[in-house]
Amino acid sequence: MSASDLRCKAAFVGAGLAGMGLAPGYTHLDILGEAVAAALEDAGIDKSEVDGLFTANMDNILPTLVVGEYLGIRPKVALGTNTGGNSFVDHALWAAMALEQGLCNVAVICYGSVARTGGSAAPDQPPYEMRYRPREPISSYAFAAARHMHEYGTTREDLASVAVSARKWAAKNPLAFARDPLSVEDVLASRMISDPLSLLDCCLVTDGAGAVVMVRADRARDARQSPVYLLGCATAQTHRQISQMPDLTVTPAAESGPRAFQMAGLKPADVDVLQLYDAFTINVLLFLEDLGFCKKGEAGALVAGGAIAPGGDLPVNTNGGGLACVHPGMYGIFTLVEGITQLRGAGGERQVEGAEVALCHGNGGLLSCQTTALLGAASVL
Amino acid sequence: MAPPTPSPDAPGVKFQAFLAEGSFSLQVCDGCGTQIFFPRTLCPSCGSRALTWKKASGEGTVYSTTTVRQKPERGGDYNVSIVELAEGARMMSRVEGVEPAAVTIGMAVTAVIATDDAGPLVVFRPAEGGGA
């Protein structure tokens, strides 16, 4: 028995977004409800069939109960694992397991937040660190960026090119929040928050909700939409507090990535489009290295050369990412929705031609927990 | 009803009690020798529950550092660092006695016990004669 047994056993047949950017007056549950309704409509599946519920947020201690009540869903299987923003990518693996075991037949993974217009509760702070007043989560990522610069000569310009690339993609996405052009100089000139990260190295704070629907592969063949299969998925964690991270320049993606690729029977060169959880510019560098798309220390030069921007060899965050499209606090669900969109060929102006394999990578906590998922169009089965 | 008195043997209580006596002490695992921060009830390395409190050397090196920017009227910029202790543990702290921008990765630092609103806490200063 191995993780590979789950390869292609479940598929995404519905995806929905709601409340992107600003949703004044709405609650996080309101836009989550809209996203779920949109995803079910997209799938052509009635809500009454949903018997698997996977959700997490920063607002509710009992998220599956609160969300189940709001949606009017009484699931047979509910899972509210919260490891931060990667949770929803991780949920896909558990949904696939529950589907394969027959514990449920239709699984919904969903999230909503009105972090911009409604505010949101601050998560509990580690007692041994908070007394030194790091500006979290920015300072934690600043520690990683500073160390990466120290060890590998990565520059602020390299980091800035991640934000510039995100804006170029966002310009092609009508749902993206920040679509104006941005230059490296703009990023460097923006207000410093926690050295070496300035304002434009940080993700947006927006409202937004997303949902995806999963079923077993046999049912997916008859779905309304072209099914997108879960080929591989793996999660790894190393710490909660940044001072306990074993190496500030190596994230748990160095473990989740290889395990996900092994499960999928794929390698980095097989990936056509990447969705990398970009809460901060440094994230993209760390994940490109840890996931095997370049050697450790070389991602700065890679992104500065335009590889991840439109027209580059390695299209990253085609929706504009957390830096330019949407980031309501937990971005993971949006990596799945955009990966699915690309593999359906439904990306419009931002479509990566012929995309058959997407890598969706979620980050949780303070680089603490990482989930790598590999998604495939029917053509790769 | 008054809340029960905290046990003096609880790891967090003990850590603070040492600091209040002017001693920066941490647990060291009897089984594998790992110096442990933050205080806890088992060794995160080998799992042993046999942990002995030992005074830390207080010597360390800045592993990473950031300047948190803050308006002057709110107290101005300040340093936050992750310090690797000579015996191995890492902890968040700050380096005092130099401008925040002068704190660099690799700088040798020495622990001192300061106080804030919550009581004594460990901060660091550039090591005597240690340069950077």
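At 40% relative accessibility, E255(A) falls in the partly exposed class of this predicted model,. Its salt-bridge partner is R259(A), with the closest N and O atoms 2.7 Å apart. R259(A) is partly exposed too, at a relative accessible area of 36%. Both residues sit in helix α9 of chain A, which runs over residues 253–264, and since they are four residues apart, about one helical turn separates them.

That pair belongs to a set of 15 salt bridges counted over all chains. Another one joins E100(A) to K9(A), and here the closest N and O atoms are 3.9 Å apart. E100(A) belongs to helix α3 of chain A while K9(A) comes from the segment before β1, so this bridge ties together parts that are 91 residues apart in sequence. As for accessibility, E100(A) comes out at 34%, which puts it in the partly exposed class, and K9(A), at 32%, is partly exposed as well. Chain A also has a network of salt bridges, which links E289(A), D290(A) and K296(A).

Next, the domains of chain A. On the domain 1 side, 43 residues are in contact with 37 residues of domain 2. Together the two domains of chain A bury about 2,900 Å², and carbon and sulfur atoms account for 71% of that. In domain 1, the residues that lose the most area to domain 2 are M20(A), V89(A) and T206(A), which together make up 20% of what that side buries.

Polar links also cross this domain boundary. Between domain 1 and domain 2 of chain A the count is 10 residue pairs in polar contact, with both residues at pLDDT 80 or more. Four elements of chain A each supply at least two residues to the side of domain 1 that touches domain 2, namely β1 (10–21), α3 (87–100), β4 (107–114) and β7 (207–216). β1(A) gives the most to that side, with eight residues. Sorted by class, the domain 1 side has 21 nonpolar, 17 polar and five charged residues. One salt bridge is found across the interface of the two domains of chain A. Elsewhere in the list of pairs, the side chains of D42(A) and R344(A) meet in a salt bridge with an N to O distance of 2.7 Å.

The remaining interface is the one between the chains. Chain B brings 32 residues to the contact and chain A brings 26. The area buried between chain B and chain A is about 2,500 Å², with 53% of it from carbon and sulfur atoms. On the chain B side, Y63(B), R69(B) and M92(B) lose the most area to chain A, and together they give 27% of what that side buries.

Which elements give two or more residues to the side of chain B that touches chain A? They are α1 (11–20), β4 (59–68), β5 (78–85), β6 (90–93) and β8 (119–126) of chain B. With six residues, β4(B) gives the most to that side. The residues of this chain B side divide into 17 nonpolar, 10 polar and five charged. Across the interface of chain B and chain A, 18 residue pairs are in polar contact, again with both residues at pLDDT 80 or more.

The count of salt bridges between chain B and chain A is two. R131(A) pairs with D116(B), the closest N and O atoms being 2.7 Å apart. D195(A) meets R69(B) through their side chains, also in a salt bridge, at 2.7 Å from N to O. This second pair runs from the loop between β5 (192–194) and β6 (197–198) of chain A, where D195(A) sits, to the loop between β4 and β5 of chain B, which holds R69(B). R69(B) counts as partly exposed, at 31% relative accessibility, and R69(B) is also one of the residues of chain B that lose the most area to chain A.

Note on methods. Residues numbered from 1 in each chain as written. Chains lettered and ligands numbered in written order. Predicted model: local features only at pLDDT ≥ 70, side-chain atom pairs only at ≥ 80, totals over all residues. Heavy atoms only, no water. Contact = heavy atoms within 4.5 Å. Buried area = accessible area lost by both parts, 1.4 Å probe. Salt bridge = Lys/Arg side-chain N within 4 Å of Asp/Glu carboxyl O. Polar contact = N/O pair within 3.5 Å; in protein donor to acceptor, adjacent residues only side chain to side chain. Nonpolar A, V, L, I, M, F, W, Y, C, P; charged D, E, K, R; others polar. Buried < 20%, exposed > 50% of the residue type's maximum accessible area, 1.4 Å probe, protein only.
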